[in-house]
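Biologist: Hi! Could you walk me through this one while I have it open?
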Amino acid sequence: MIEIILIVIGILMFIYGVVVGLSFSGNNAFYLAWIFAGIMIAAAGVILKLFDIPKPVLWIVGGLVGAFVLFMIVMSIYLLGAFGYKGDKGADYCLILGAHVRSDGPSKALRYRLNAGYDYLMENPDTICIVSGGQGENEPESEASAMKKYLVDKGINPDRIIMEDKSTSTKENMLFSKELMKEDSKVAIVTNNFHVRRAVSLAVANGYKDVSGVAAGTDAFFVPFYLSRESIALVKELLSGNL
């Protein structure tokens, strides 16, 4: 029975990875991890079905896989805890982090961030907005430029918006945006809900004294993908000394 379960899980993960990959227009190759994991899990089910594997090998492999699964569950719960964050009121700056920009404007993920940022700015009229994001090779303009246009079109005064258009990573978002702020400012960081934990952690690690997160939405279908990606990304940030 376990063999069939593994094969089914592997096939479903493979299909999910393919669908996610086909859905993205930006540079996001982590879907390949889902495809690879699906192939490996399905293959494990086939091997167990066809061959008599020694129990010590099964215990070792099963223990390693179980430990990894437990890690991913714990990390996902940790990330999910920030999905409802609204940010502290009265921030000096509302920092909206960039995401992919297509030829027809901000991607859906970025529109989620911009709409959440717009709501925060409307509720906090004295807050200055910083839009942060450079231009990728497959983007028609800088993310900051597209973000400013979007917010202005929604009615935000352009004089209230500062552009940071050089960053290419979350860490650079924090570093370059901080240079545009007054010292020890109160900052509300707007990003998609799955990304809030890492963004706020990187802000604190880079000298932000008073920072909170504003969780923008995400399409439910992509939540498993983003939770797995962010779990690995947090570990990568730790190992690289960014956190």
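**Cores and a buried serine**

Modeller: Happy to, and keep in mind that this is a predicted model.

Biologist: Which residues touch the most other members of the largest nonpolar core?

Modeller: Those are Ile-96, Cys-129, Val-131 and Leu-151, in a core of 23 residues. Two or more residues each come from β1 (93-97), α4 (108-123), β4 (128-132), α5 (143-153), β6 (186-192) and β7 (210-216).

Biologist: And which element gives the most to this core?

Modeller: That would be α4, with six residues. There is also a second, separate core of 17 residues, with Ala-82, Leu-95, Ile-130 and Val-211 among them.

Biologist: Switching topic: where is Ser-167?

Modeller: Ser-167 lies in the loop between β5 (161-164) and α6 (170-178).

Biologist: Is Ser-167 buried or exposed?

Modeller: Ser-167 counts as buried, because its relative accessibility is 3%, and the cut-off for buried is under 20%.

Biologist: Nice. What does Ser-167 touch?

Modeller: Setting aside residues up to four places away in sequence, Ser-167 touches Ser-132, Gly-133, Gly-134, Glu-172, Asn-173 and Phe-176.

Biologist: Which side chains make a polar contact with the side chain of Ser-167?

Modeller: The side chain of Asn-173 does, at 2.7 Å, and so does the side chain of Ser-132, at 3.3 Å.

Key:
Residues are numbered from 1 along each chain as its sequence is written. This is a predicted model: local features need pLDDT of at least 70, side-chain atom pairs count only at pLDDT 80 or more; totals for chains, interfaces and linings use all residues. Side-chain values use heavy atoms; hydrogens and water are left out. A nonpolar core is a set of buried Ala, Val, Leu, Ile, Met, Phe, Trp, Tyr and Cys residues joined through side-chain atoms within 4.5 Å. Buried means under 20% relative accessible area, exposed over 50%, partly exposed in between (1.4 Å probe, protein chains only). Helices (H or I, at least four residues) and strands (E, at least two) are DSSP runs, numbered from the N terminus. A polar contact is a pair of N or O atoms within 3.5 Å; within protein, one must be able to donate a hydrogen and the other to accept it, and residues adjacent in sequence count only if both atoms are side-chain atoms. Contact means heavy atoms within 4.5 Å.
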